[in-house]
Amino acid sequence: MKREWPWPGSRLATVGHAKWRIQVPVYDDGPFEARFFPLEKENCRAVWDVVSSWRPDVIVLFLEHALPEIPSSLGPSLWVVVPTATVEGPGLRASWAACVEALRKGAPVAIWRLGPIDDVPRGAVVWGDLPPCVDAARIGPLRPERRGVCVAPWAAPPQVVREEVSDLCTVHVLGSSPEDGEGLVEEMREHGALLFWSKGRSTILERAPVLAMAGGLWVLTNKELPQQWGFELEDDYVVRPRVAEYIRAAHDYLRLDATSQLVRARAWQKIRESFDIRAVLDRALFFALREGDPFDGRGAGTYGS
Amino acid sequence: VRVGFLVGDLVRISGGSNVIIEHAFGLQKLGHEVVLVPADEWADQKAAWHPRLASLEVMPIHQARDRVYDVMFATWWRTVYELWKFESSIYGYFNQSYESRFHEERHYKLLNRCTYGLPLVFVTEATWIAEMIAMIQPAATVRLVPNGLGRDYFPCVEVPPSTNGPLRVLVEGPWGVPFKRVRETFELLGRVKPEVPLHVGWLTGRRDGQHPIVRGKPVEIHEQVPIDEVRTVLGRYDVMVKLSSVEGVFGPPLEMFSQGGTAITTTVSGSAEYLRHGHNALLVEPFCLDRVATYLELLHGDRHLLRSLRKGALETARKAPSWEESSSLLARQLEALLAGGPSHVNPRPALAALATLGGHWLEDLAHRNLAEEPGPWPHIGAGELLLLRRYRQLKRSPVVRSAMEWLSPALRKRARSALERVLR
C-alpha cells in the first residue's frame, strides 16, 4: 500500500503532558487535521479512549511515563514516540522499551529523540533528534518595539549580571513555569530580550532560548545551543561564556539595540524556516508514509539516524 | 534611466554577481544607461565566466564617480560604504542576503548590520529579506524583484530525461566556504547504503585542489564551467544535493529543475521561494541532515517518486520568470520611484559619515595591539591571538614579501591552496 502524506481527511494526534502543547501542531484547516490530547498520569485511560474514538492515522506520543494498556480499537498507521527527558532515567528505560515493544505489535514505531537517549529499544527505528520546535502559526509576529529584558528564574544569570543590567533597565523575572511553554512565550513576547544562563539541565528547562527566538526576542546565553540545530552564533543569538563579556553584551543590547534588531528578526525567521513543527512533521511524514510499512526491511537505528 | 551597480567581485563565478550582471544586461537592453563599478581595484581583468560581461560597461570607482546617476545601487554589503562617493537621485541597496552571516569576525558583522541603518531604497529578490528589512527599517522603501531564470543558458527541456541505472547525484558549491557545506555533503553521500548505486558529480567554481571520494569512487569534477555550458552538466544528473546553511535565494536548484532534475536541499533562508517538499524537491532541516542518505535511497528505490519530483521541478522552472521579465519589473519599479520623486531626504552625508566611522573603526582595529588588549573577538583566546600576530608578522617580513613578489599570481594561488589544505 502506498499512501502519500497527507491524504484527504488524514488525522494526526499528539498526546502528551500539557507542557508540550506549544511545540505541537493544532489545527483543523491545514493539509491534515491535527489535535493535541493533554495527558496526565491520572487521566490516561480516559484520554486514550478519546484519542481512540477520534481515529487518528498518526500518533505522536511524548512519552514520559509507562503507558497504560492501549485500547485495542486504536489502530493508527504510525506511532512516533518522543521519549522525553524523564524517560532517560535508568529506572524507566525498561518500561519505556516495553511500551515501544507493545506498540510495535500493532503498528510501526519511530523514535524521535528529544534529548540524548542511549538505549534504543530493539526493533524501533530512530528518526533522529527533534530539537524544541514550535507551532509558529500560534505565535504572533515580531514586536520590535518591545525592548525590555527578562530572565527565567531557573536559568537566571549570576547576581552581578542582574545588578549591572538593572542599572540600565528593569529586569523582569518570568512568572510562568518552564513547563508552561505557551504562557512562557506569551509573557516573553512583552519583552525584547531574554538573558539566559544555562545550567545544562533537562530539555524542558533548556528550551526557553528557542521559545524566546520564536517569540522574536534577542537571546543572550552563556552556552552554545547544540550545533546541529543550525542556529548561527552572533547572527541568530549571542553567546558569552564569561561574566564580564556577558555583561558587556547585555549593555550593548540596551545601548546600541539597532544592530540587535537584525538578530531578533533573523532568529524569528529561522524558527519559521526550520523549527516550525507543522512543516517538520509534514516533511517527516511525507517520507515515512511513502510505503504502507515505512520500516519494512530496516533494522533498529538505521532509519534517518 | 542612468543606473550604476557597485559590485564586489566580477572575476570569480558567483550566483550573486550573476544576478547583478543579468539585471545590468536586461536594463541596458531596455535602453537604460548602465555601468558596473567594482569596489575593489579593477585591473581590467577578464571575467570569461559570464558572456554578458563583454557587452557591459565596467568602470573603476575613480572614473565612475565623475558621472551623475539616477540610481546608484550598492550590492555586496561592503559597497554600501562606497555609495557616498556618487551623486545620484536615488541611493539603492540591491540586497541579496543577510551577509553578516558570511563573516566570522564580529567587527564585520556589526559593520554589515550598519548597512541597514539608513532608509535607502532596498531592492531584493527574496521575500524573507524584504520582510526582514521591513521589520527593522520601516521607513525604507522595499521592492521585491524575484530572480529570473536565464532562458538562453537554461532553456527548459521538453521532458525530464529517463531515470534508469544508478542514481546520478550532483553536488554544487565551492570548497572551503563553510556555510556551503560541500565537504559535509560528500560525507553524507558516503553513508548511502552500498547496494544503492550512485554516480556522483561536483559542479564547482572553486575546488582548492580537492578530489573528493565517495564510497571509494572519485567524484566526477566539473570545475569553472562557463555559465553557457552549465546546462549540459546539469542534464547528466537526476538530483542536485545542496545543503547550504546560508543563502539568499539559491539559483542552482532552479537551473537544475530546468534540465529536468530534482534537488535535495536544506530548509535554508530562501528555500521557500520555489522549493516544495514532495512536489519538486525534498527538503531537510539542519538538525536532520542524516536524512539525506535515506532520501537518496528512497529516490533510487522509488522511481515513481523520482519521476514525479522531476516532473514537478520542470513545471516550477517553466513557471519561473525569465531574466527579461525580472529586469523589466526592476525597470518599472525604478521608473515609478523616480517619477514619484525621492522618497527620502538626501542620505549622502549620512552615508559618508557611516563610511568614515566604519573606516576609522577598522583602522583602529588593525592597529590595536592584539596580544595585550582583549580585542573585539570574545571567542579568541590569548594564545590564538598570539599565533595570529606572529602569522601577520611573518607575512609582513621582507623575506616573505620578496618571495611573494617573485611568485606569479597563479603560483601564489596554488601555494595558498596547498597551505590551506595542510591547515585543514
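These legends go with several close-up views of a predicted model. Residues count from 1 along each chain as its sequence is written, while chains are lettered from A and ligands numbered from 1 in the order in which they are written. Because the model is predicted, local features need pLDDT of at least 70 and side-chain atom pairs count only at pLDDT 80 or more, totals for chains, interfaces and linings use all residues, and side-chain values use heavy atoms, with hydrogens and water left out.

**View 1. Where chain A meets chain B.** Chain A puts 43 residues into the contact and chain B puts in 38 (contact means heavy atoms within 4.5 Å). About 3,600 Å² is buried between the two chains, with carbon and sulfur atoms giving 58% of that; buried area is the accessible area (1.4 Å probe) that two parts lose on being put together, summed over both. There are 6 salt bridges between the chains, a salt bridge being a side-chain nitrogen of Lys or Arg within 4 Å of a carboxyl oxygen of Asp or Glu. D252(A) and R106(B) meet in a salt bridge, at 3.2 Å from N to O.

**View 2. Helix α8 of chain A against helix α4 of chain B.** Helices here are DSSP runs (H or I, at least four residues) and strands are runs of E (at least two), numbered from the N terminus. The axes of α8(A), residues 257-274, and α4(B), residues 127-136, come within 10 Å and cross at roughly 140°. Axes are lines fitted to C-alpha atoms, for helices over the stretch in contact, and angles run from 0 to 180 degrees between N-to-C directions. That angle makes α8(A) oblique to α4(B) (under 35 degrees is roughly parallel, over 145 roughly antiparallel, 65 to 115 roughly perpendicular, and the rest oblique). Residues meeting here include W268(A) from α8(A) and W128(B) from α4(B).

**View 3. Helices α3 and α7 within chain A.** Have a look at α3(A), residues 159-166, and α7(A), residues 243-255: their axes come within 10 Å and cross at roughly 25°. The two helices are therefore roughly parallel to each other. Among the residues making this contact are V160(A) and E164(A) on α3(A), with Y246(A) and L254(A) on α7(A).

**View 4. P144(A) and its contacts.** P144(A) sits in the loop between β6 (125-129) and β7 (149-151) of chain A. Setting aside neighbours within four places in sequence, P144(A) touches Q261(A), R264(A) and M135(B).
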